[in-house]
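Hello,

The structure you asked about is below. My notes on it follow.

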Amino acid sequence: MFFDLPLPEIEETEIGMLHFMMSRAVFIYTFGCQMNVHDSEKMLGILSQEGYERAESAEDADLIIFNTCAIREKAEQKFYSQLGRAKALKRKQRDVKIAVAGCVAQESKAKIFARAPHVDFIIGPQNVHMIGDLVAGRNRASLTDDNRELASLDVASSRQSRIKAWVSVMYGCNNFCSYCIVPYTRGREVSRPSSSIVAEIRALAEEGYREVTLLGQNVNSYRSDLDFPQLLGRIDSLGVGRIRFVTSHPRDLSDELISAVAELPGVCEHIHLPIQSGSDRILSLMNRGYSYAQYLRKIEKIRQKMPEAGITADVIAGFPGETAQDHEATVRALREVEFDGIFAFQYSPRRGTKAAEMEGRVPDPEKSARLAEILKVQEEMTLRRNRALEGTIQEILIEGPSETDSSLLMGRTRSNKIVTIEDAGEAEGSVVSVRIERARLHSLAGARIDCEGLV
Ligand code: SAH
Ligand code: SF4
Ligand code: F3S
């Protein structure tokens, strides 16, 4: 009975006024991987429901959030130098609130709170959905508990793009590669129920999104009522043109997944399959769970079924104990596999990980020399793979103007290569057939194939 009583008029007005007065602006600095970028979209989505608008710059904001990354020391340092600048800003605008989110927040909350008195809130990656409650409080507070509820929560993200969307399918990582901090910051693996993934993607299709990228540290170990290949099958029929996913772990890349990518019309033929090293000894020290020969076998299977698939990887240079021979094995692997592209990094010791305690640290100049060689050999391979596409017909999804030349449009092939074409006014999100005219290192120059009757 009590709940049937209408609210008194006066309270409604008060609520309305309160809401109006609370209209605020938020600015988010985002560092790190796609998961972090998507977490920022989620936080923006939640905060916009709480009456926040997006600020143009940190100077215009009432709330500044640093969504941080701890994967390598450099990423962490970038955040600390930005945080230093925010201190000066807070001196000028005392009302501005500062929040630190992401993987550094999770790892170093005590340190941040102790050393940065201008930080008001700390929130870990497993708590992003609680950002609204956190910033509504007046006192300094932190939320960094392992939160398994996360998987069952649906959050209305404020997405950057109207064409391409990220969708979380699982959180956390159980792999404990010996160099990596992610299992400590993102917690154990939790898969999101397939029904809520499907509902989100169906809504995205209705809003006109043309591509979704399914996100997880190791999507192959997705498990709910469906496994990952089954999930792809379920999503394929929902009407978003293109489906991508990152990241696959080589140990768990199954034949079923390779078949699903090959057979499902919406799933794009691109697999990001981090190799990390070409040396079995180093792979074992890294706790990666595969040998180079096993890795190569997976690549062969992918190429047998999908000769045109794009294959990319991550590589680490200068892992502890890596000898010149181990490094040579990595360089040989790059030549043998011929990746379409790689992300390569110098090994960076991370506090609390096994590798940080290992002997045989490679000196910095040696690490950077090895990284330079890796990048040089890969450039040769990337160019070779790109040149092989000259003269072929590709279907590209237009994303907008090219970043390097605004008179051109930029799109991606299904294999995830960037193609530029003359701007003939195609809208973002349209699919265009092009002939690849010229291969470059970072992109391909294409020409649209005109329809019959058109000049
Ligand atoms: N879950 C994904 C990505 C993890 S982070 C995967 O397993 O592939 C992205 C990349 O960062 C890793 O693939 C690895 O190459 C690199 N990386 C992680 N920890 C690192 C460290 N301590 N030093 C240097 N590179 C690192
Ligand atoms: Fe890190 Fe390994 Fe997990 Fe990737 S699979 S997030 S590299 S621990
Ligand atoms: Fe960085 Fe955390 Fe992603 S450490 S790479 S933001 S999972």
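Strand 13 is largely enclosed by the rest of the structure, because eight of its eight residues are buried (under 20% relative accessible area, 1.4 Å probe, protein chains only). Strands (E, at least two residues) and helices (H or I, at least four) are DSSP runs, numbered from the N terminus.

This is a predicted model, in which local features need pLDDT of at least 70 and side-chain atom pairs pLDDT 80 or more, while totals for chains, interfaces and linings use all residues. Residues are numbered from 1 along each chain as its sequence is written, chains are lettered from A and ligands numbered from 1 in the order written, and side-chain values use heavy atoms, without hydrogens and water.

Gly 310, Thr 312, Asp 314 and Ile 316 point one way from strand 13, and Ile 311, Ala 313, Val 315 and Ala 317 point the other way. Strand 13 pairs in the parallel sense with strand 12 (residues 270-272) over three bridges; pairing requires that DSSP finds at least two bridges between the strands. Strand 14 also runs parallel to strand 13, joined by six bridges.

Around ligand 1 there are 15 residues, counted if a heavy atom lies within 4 Å of it. The closest are Gln 217, Pro 274, Gln 276, Asp 314 and Ser 348. A side-chain N or O atom of Gln 217 is 2.7 Å from a nitrogen atom of ligand 1, and a backbone N or O atom of Ser 348 lies 2.8 Å from a ligand 1 nitrogen atom. Strand 13 (310-317) and strand 14 (341-346) are the elements that give two or more residues to this shell.

Regards

Methods:
Polar contact = N/O pair within 3.5 Å; in protein donor to acceptor, adjacent residues only side chain to side chain. Buried < 20%, exposed > 50% of the residue type's maximum accessible area, 1.4 Å probe, protein only.
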